[in-house]
Amino acid sequence: MIVCVAVVGHQNNPLYIQSFTEADDALKLHHIVHCSLDVVDERVNNPKKSGPTLNETFLGLLYPTENYKVYGYLTNTKVKFIMVTTDLDVRDADVRNFFRRFHAAYVDAVSNPFHVPGKKITSRTFAERVSTIVKSFGLNAAG
Amino acid sequence: MAPAAPRSGEAIFASVEHVNSELFTLTYGAIVRQLLTDLEDVEEVNKQLDQMGYNIGIRLVDEFLAKSNVSKCVDFKETAEVIAKVGFKMFLGITASVTNWDAEGTTCSLILEDNPLVDFVELPDTCQDLYYCNIFSGIIRGALEMVSMKTEVTWVRDMLRGDDAFELKVKLLKQVSEEYPYKDDE
């Protein structure tokens, strides 16, 4: 179950944060997303020496906390996608798939001529697509 | 020499050079954004888009007639069909349909199911009165004026405002007979 997704700009400014649970711990989720940005920066600045990574976009599991797992994805414009999930057994392929679709939705939202890059994403279509992708992630992983 | 038969829209579309549709969409979006920034008033932007379309239309009609070899249209109904099937297909690759003819045959609706100009576009709340594709109404008006038909083109349905298709109402105001600018007394 994905509880939260976030899009963070290249100056670590939030562009889009959406939580998908009954939100009394929305603040905690925002805090987790914020902390995970540090991990992202660390990964970006100290690349692992275990061989060249061709697909540097998918950062993988950033860190597991109490009952959440946080995954990250970096685009080549340094825009970061963060995903927080409560699933304990998540397949890598599912997460990559999720981020790929999320990236496609993000690209379409940013191509809107009325969107100002650097400002928050206000597109309703983007929000709907994201919730569709999130819902289908849950179904795929459960199967 | 026998006149060449009219070519279908698809044949012409296949034979002309193509441009990347995303480049086209993004360029048009940039034009509209810049107009909004410069003029700041949505009505003014609508008028400017219409004027730009008019300037395009008066030049476009020559290219259209040259490439498509259509014969002279008998009446306005045929004109509308030609615009929808050949014109839109040739220049944009989309097929429009013509419906809603009124009793006298002077008003019809052009329906566009898909529209490459509005990929990715969502109107912000401050610009809800903007007719984003108003350039089309100018183009049709300009092109028809060059073939001696004065028309009025308005938007009935707009997908960016929540409708299910784009619908343009084209109304023929009058058919201007060809006038010579000077008296030919010879």
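Good morning, colleagues. The model before you is a predicted one.

I begin with chain A. Counted in that way, chain A contains three helices and five strands. Read from the N terminus, their order is β-β-α-β-β-β-α-α. Chain A has 143 residues, and 42% of them are buried. Turning to contacts in chain A with a separation of 6 or more, 56% are between residues 24 or more positions apart. As for the surface, the accessible area of chain A is about 8100 Å², and carbon and sulfur atoms account for 55% of that area.

I now turn to the nonpolar cores. The largest one comprises 40 residues, and the members that touch the most others are B:Phe88, B:Leu110, B:Leu130, B:Tyr132 and B:Phe136. Several elements of chain B each give two or more residues to this core, among them the helices α2 (21-39), α3 (42-68) and α5 (134-146), and the strands β1 (96-99), β2 (107-112), β3 (149-157) and β4 (166-175). The most is given by α4(B), which supplies six residues.

Which residues does B:Phe136 touch, if those up to four places away in sequence are not counted? They are B:Phe88, B:Leu92, B:Leu112, B:Asn115, B:Leu117, B:Trp155 and B:Leu168.

Thank you for your attention.

Key. Residues numbered from 1 in each chain as written. Chains lettered and ligands numbered in written order. Predicted model: local features only at pLDDT ≥ 70, side-chain atom pairs only at ≥ 80, totals over all residues. Heavy atoms only, no water. Helix = DSSP H or I, 4+ residues; strand = E, 2+ residues; numbered from the N terminus. Buried < 20%, exposed > 50% of the residue type's maximum accessible area, 1.4 Å probe, protein only. Contact = heavy atoms within 4.5 Å. Areas by Shrake-Rupley, 256 points an atom, 1.4 Å probe, with all protein chains shown as cover. Core = buried A, V, L, I, M, F, W, Y, C linked by side-chain atoms within 4.5 Å.
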